[in-house]
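Please open the structure in your viewer and follow the stops below in order, selecting the named residues as you go.

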Amino acid sequence: MKRVASLIFILTGCIGQDVLMDEVSPVIRITNPISTMEVNTTYQFEYMFLDNVGLETQPNSIIWTTSDMSRLTIDQNGLAESLDNGEITITVFANSGELEADTSLTFEITGDPTMMADDERTGKIMTTSSYQLEGDFKLFKSGDDLIVDIASNYVADDNLPGLYVYLTNNPNSPSGGYEIGAVQVFSGAHKYTIPDVGLLDYDYLFYYCKPFKVKVGHGDIE
Amino acid sequence: MEILNNYKKLSLAILLTIPFLASAGGGWTKQKGTAYYKVSQWWVVAAKHYTGTGGIDPNVTTGTFNTSFYGEYGITDRLTGIVYFPFFSRTFRNEQVSGTNGMVTSPGEAVNSIGDTDIAVKYGLSKPGSKFVFAGTLLLGLPLGKNDGGSDGSLQTGDGEFNQMVRFDLSRSFSIGKINAYGNIYTAFNNRTNNFSDEFRAGGEVGASFLKNKLWGIVRVDMVESLQNGLSSAEGSSGATIFANNTEFISYTYEAAYYATDKLGFSASYGGAFSAKLIFASPSYSVGVFLDLK
């Protein structure tokens with residue numbers, strides 16, 4: 001019987017298991033940041049909490065605080081009310097088991113209408129493999145669409161099979177990311193239009209070889 | 001003549017260690033009515049590959065196993081028919097799990113089918129009794145394997161293209177003291193279809209016998225050079241596997257074959273590469289049993 005089992009193993013080649021090192025620091029992100037807030041108004045802040053593999057998850061607890069309660073108050077649902085002019089910093093802290101993260105946002109309370117923070121993010125694609133992959137890019141919103149605008153200095157090796165591009169929150173894995181699609185352009189400027197994705201939803205432009213299940217490179221979205 | 005017969009047996013064993021190079025016998029042809037059969041298992045399991053620049057990058061662990069029948073039959077003293085038929089070919093890749101939370105990030109997959117098959121005829125071009133023997137081979141590579149398996153179509157047991165290869169072998173036997181030996185060099189042109197690049201191939205081998213010609217040791221070097229006249233891997237999505245387009249390599253194979261009886265023998269081999277592009281960067285192995293019907 002053992003001989004038969006050995007023969008079957010030789011003839012078939014069993015599927016095993018590879019381990020992907022994909023741990024990242026938990027992150028909480030304010031997804032609708034502002035640069036100024038009109039005095040004597042309210043504003044609902046929203047957040048996204050990402051676990052230690054970059055997947056969005058609901059925290060067990062969330063705490064909002066403000067640097068000066070005489071200038072701005074904020075409740076535990078993230079609803080802020082501006083009371084007086086001047087600079088203010090809010091902080092949100094999230095906790096999920098052993099995972100913790102916090103982030104702060106500083107803005108000005110003025111007499112002018114509330115303004116959203118920067119509406120453009122930029123980055124530089126860099127290879128993490130032996131394949132050539134480089135170029136600058138920027139992200140911006142166009143209506144409900146997110147535009148990924150790759151610059152003219154972009155180059156990718158076309159010897160690489162099955163190259164796909166993603167938006168992710170993990171620089172080591174496409175899991176939980178948004179698959180933009182197969183790479184069709186290997187040099188020069190080009191754009192991707194992505195519906196219903198926020199400017200702050202992802203932190204990495206991620207290039208991945210699907211057949212080999214391996215990362216090729218990425219760009220931090222600053 | 002004994003050494004020539006032994007050479008023929010062993011050269012077949014070598015060739016099966018690199019199935020996609022299968023073409024047999026050097027400059028020698030089988031005598032009319034004689035045959036050589038072999039059933040073998042060849043495999044490679046790789047967690048890294050040679051890139052298009054010759055560097056080495058990781059990949060999910062991927063394996064290819066070919067269980068094959070090889071046959072060579074002397075139609076006439078000068079004309080030999082050859083077939084290489086991988087009747088069971090399996091390609092798999094491992095599942096990937098998160099090292100952080102153990103969740104499966106990419107499921108493992110496998111595809112089983114028959115593999116790409118070669119049929120060939122070899123014609124002896126040298127005069128009987130020549131010190132050097134010379135032969136030409138026409139090989140047809142039949143795309144009977146699967147080239148679009150798995151959830152994303154990238155698991156392959158074949159390249160999906162019909163190729164025609166012309167090959168010329170020049171061989172000679174000799175002795176070193178009491179040791180019988182032989183040498184062979186070859187060159188070949190492989191015309192590939194379906195937007196695959198054509199290939200120039202060349203190589204050589206030396207073999208020597210021990211234990212009264214029961215045990216043969218062989219060292220072989222093969223080279224494949226792409227003419228780069230097909231689509232790139234990205235355009236063709238053929239991957240960097242043994243089935244990739246624009247694959248290039250200079251490889252070596254160590255082979256041992258043992259005759260348990262006059263007709264029945266066993267062989268084993270180990271193969272690797274000195275340098276390569278777009279192919280797995282791990283050793284290949286084979287084991288087989290052969291029957292030599294003189």
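Select B:Tyr254, which is partly exposed, with a relative accessible area of 44% (buried means under 20% relative accessible area, exposed over 50%, and partly exposed in between, with a 1.4 Å probe and protein chains only). This is a predicted model, in which local features need pLDDT of at least 70, side-chain atom pairs count only at pLDDT 80 or more, and totals for chains, interfaces and linings use all residues. Residues are numbered from 1 along each chain as its sequence is written, chains are lettered from A and ligands numbered from 1 in the order in which they are written, and side-chain values use heavy atoms, leaving out hydrogens and water.

Rings of Phe, Tyr and Trp (its six-membered ring) pair if their centres lie within 6.5 Å, and planes under 30 degrees apart count as stacked, over 60 as edge-to-face and the rest as tilted. Both B:Tyr259 and B:Phe290 are buried.

Now move to chain A and select A:Tyr43, A:Phe45, A:Tyr47, A:Trp64 and A:Phe107, which together form one aromatic cluster.

Finally, return to chain B, where B:Arg167 lies over the face of B:Tyr186, at 3.7 Å from the ring centre (a charge sits over a ring if NZ of Lys or CZ of Arg is within 6 Å of the ring centre and within 35 degrees of the ring normal). Select B:Arg172 as well, and you will find its charged end over the ring of B:Phe132, 5.3 Å from the centre of that ring.
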